[in-house]
Amino acid sequence: MNIRGQGQGPPPVPVAAAGMMDGIGVPVAPNPISRKKGTGVRAWLLLDSSGQKQVVEAGKHAIMRRTGLPARDLRILDPLLSYPSTVLGRERAIVINLEHIKAIITAHEVLLLNSRDPSVTPFVEELHSRILRHHQVQGAAAAAAASDDFKLSKVYDSEEGQSREGQDEDEDTDPVGEQVKAQSKQNGIQNGDGMKILPFEFVALEACLEAACSVLENEAKTLEQEAHPALDKLTSKISTLNLERVRQIKSRLVAITGRVQKVRDELEHLLDDDDDMAEMYLTDKLQQLHSSSASSINDDDVDNDHHNQLDVDDRHAYIIPPEISLEEGGAAASDDDHQHDDDRLLVGVSRDSRASTTYSTTTKHLDVEELEMLLEAYFVQIDGTLNKLSTLREYVDDTEDYINIMLDDKQNHLLQMGVMLTTATLVVSAFVVVAGIFGMNIHIELFDSNITGNGEFFWTVGGSAAGTIFLYVVAIAWCKYKRLLE
């Protein structure tokens, strides 16, 4: 039963439903464009210097802010785009695009883009184990350095107590303290065996290079194991199936050679340019940046103390004596204020210039011998893989030449056979002429049975056949004499 009256209008439309209708009351589907979508967000596997792993969802701009990379460098890691193997060193990060590895290395962490790829899983495990070992060795080296610093500090305190009796309190030289600092700094970069510890970015870079070189070397070995039996079988028997197998092997060989050649060219380019290698010293640049910042802060404090002292001296030096008029004193004070403003401005400009040129000057004083030795090791490995592929390519080319020679030889035999058959056809045509003459309806004594018999018929046929064979032998002998046949 309808309890609504006749004069009563339609039920009120809820506010939420009214927002889904147009002006005439027809429902309208929600606009999917109005919803905010996270475009460009990808899953990155983050491994920090302590070995902790986590998967983060981040967009392009977030990665740019985190690593300081421009957008064009991130396009190199885009899986939708095809870029060759590349290793780029930037101010705060290293971009790695080697085969299946797409990573960003900073001084404290590694960001992997395609960590869910099954081919990248072994590399992730290897990288994680290397980072853990590096963290443990670094912690042990730090503990050893702390113990050595504690021992040297005891020696320093005892020697300082003995030497303080015969020295003035204003003496600035401290050779023992400098020795302690140098020893602690040396222990901070060496392990217990005295070997230098690689920075974090070099550990990650070495893992990437080793994984890429190992993958290429394994593919080259697999291809070599498949190529030799196929080529030997093709040499023994030329068939369509064997030719197709060799064609596929050659296509794979060309593709792998191009990939190996690109990695080799990239390593060679890095080895030839010291500035590019210096850009990869992220930890050293960060330490120099901190040290330069601390020194600039100390310089600023010294400058402030100097200007404060100048202000105090000026207040005492520019006291207007009674015999000087107020106008002259005012002019002198205004000139002095301008001079102080210029000094402060110069100090500020020098401080800004030091801060702006910090990144540009840090790479000029770095020794790239350590990274050069690391790159040379993998350059030798990838060059060996390229030489192996070049040897296989030469073997394939030699096999192709041999197959072409065999085919040419068969073609020559076919041509010789064609010449012989053509000659035989020409000679037999002479016998056909004789048969055609005897097949004509003419009256000669040879056709008269009373005069001739079977003997004359056989002599005629035999003589024609013998003449044909004689002409064939003469034709073949002439072709061999002219070296048309073997």
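## Helices α12 and α13

The axes of α12 (369-438) and α13 (residues 454-481) come within 9 Å of each other and cross at roughly 155 degrees. Axes here are lines fitted to C-alpha atoms, for helices over the stretch in contact, and angles between N-to-C directions run from 0 to 180 degrees. The two helices, α12 and α13, are therefore roughly antiparallel (over 145 degrees; under 35 is roughly parallel, 65 to 115 roughly perpendicular, the rest oblique). The crossing of α12 with α13 is right-handed (the near helix is turned clockwise from the far one by less than a right angle; anticlockwise gives left-handed).

On the α12 side, the residues that meet α13 are Val419, Met420, Thr423, Ala424, Val427, Val428, Phe431, Val434 and Phe438. Their partners in α13 are Thr460, Val461, Ser464, Ala465, Thr468, Leu471, Tyr472, Ala475, Ile476 and Cys479. By class, this contact of α12 with α13 has 15 nonpolar residues, four polar and no charged (Ala, Val, Leu, Ile, Met, Phe, Trp, Tyr, Cys and Pro count as nonpolar, Asp, Glu, Lys and Arg as charged, the others, Gly among them, as polar).

## Basis of the model

This is a predicted model, in which local features need pLDDT of at least 70 and side-chain atom pairs count only at pLDDT 80 or more, while totals for chains, interfaces and linings use all residues. Residues are numbered from 1 along each chain as its sequence is written, and side-chain values use heavy atoms, with hydrogens and water left out.

The secondary structure of the chain comes to 13 helices and six strands (DSSP runs numbered from the N terminus: H or I of at least four residues for helices, E of at least two for strands). The chain has 486 residues, of which 28% are buried (under 20% relative accessible area; exposed is over 50%, partly exposed in between, with a 1.4 Å probe and protein chains only). Among contacts (heavy atoms within 4.5 Å) between residues at least 6 apart in sequence, 68% join residues at least 24 apart.

## Helix α13 and its end

The 28 residues of α13 should span 40 Å at 1.5 Å a residue, and the end C-alpha atoms are 40 Å apart, which agrees (the expected span is 1.5 Å times one less than the number of residues). Ser464, Thr468, Ile476 and Cys479 of α13 are buried, and what covers the buried residues of this helix includes α12.

Arginine 483 is found in the segment after α13. Arginine 483 has a positive phi of about 60 degrees although it is not a glycine. Most residues other than glycine have a negative phi. The relative accessible area of arginine 483 is 75%, so this residue is exposed.

## Helix α7 and its two partners

Helix α7 has 33 residues and reaches 47 Å from its first C-alpha to its last, close to the expected 48 Å. Its buried residues include Asn242, Val246, Ile249, Leu253, Ile256, Val260 and Val263. The cover over the buried residues of α7 includes β3 (86-89), β4, α6, α8 (274-278) and α12.

Helix α6 (residues 200-236) packs against α7 (residues 240-272) at an angle of about 155 degrees, with their axes 10 Å apart. That makes α6 roughly antiparallel to α7, and the crossing of this pair, α6 and α7, is left-handed. The α6 residues in the contact include Leu209, Leu216, Leu223, Ala227, Leu231 and Leu234, and those of α7 include Leu243, Val246, Ile249, Leu253, Ile256 and Val260. The residues of the contact of α6 with α7 divide into 15 nonpolar, one polar and six charged.

Helices α7 and α12 pack at an angle of about 150 degrees, with their axes 9 Å apart. This pair, α7 and α12, is therefore also roughly antiparallel, and the crossing of α7 and α12 is left-handed. The contact of α7 with α12 has 16 nonpolar, three polar and eight charged residues.

## Residues in the strand region

Leucine 46 lies in strand β1 (residues 42-48) and counts as buried at 5% relative accessibility. Leucine 46 and glutamate 109 are 63 residues apart in sequence, but 6.8 Å apart in space, C-alpha to C-alpha. Beyond its neighbours within four places in sequence, leucine 46 is in contact with Gln52, Lys53, Gln54, Arg66, Glu109, Val110 and Leu111.

Glutamate 99 lies in the loop between β4 and β5, and has a positive phi of about 55 degrees although it is not a glycine. Histidine 100 lies in the loop between β4 (94-98) and β5 (101-105) and is buried, with a relative accessible area of 14%. Leaving aside neighbours within four places in sequence, histidine 100 is in contact with Asn114, Ser119, Val120, Ala211 and Val215.
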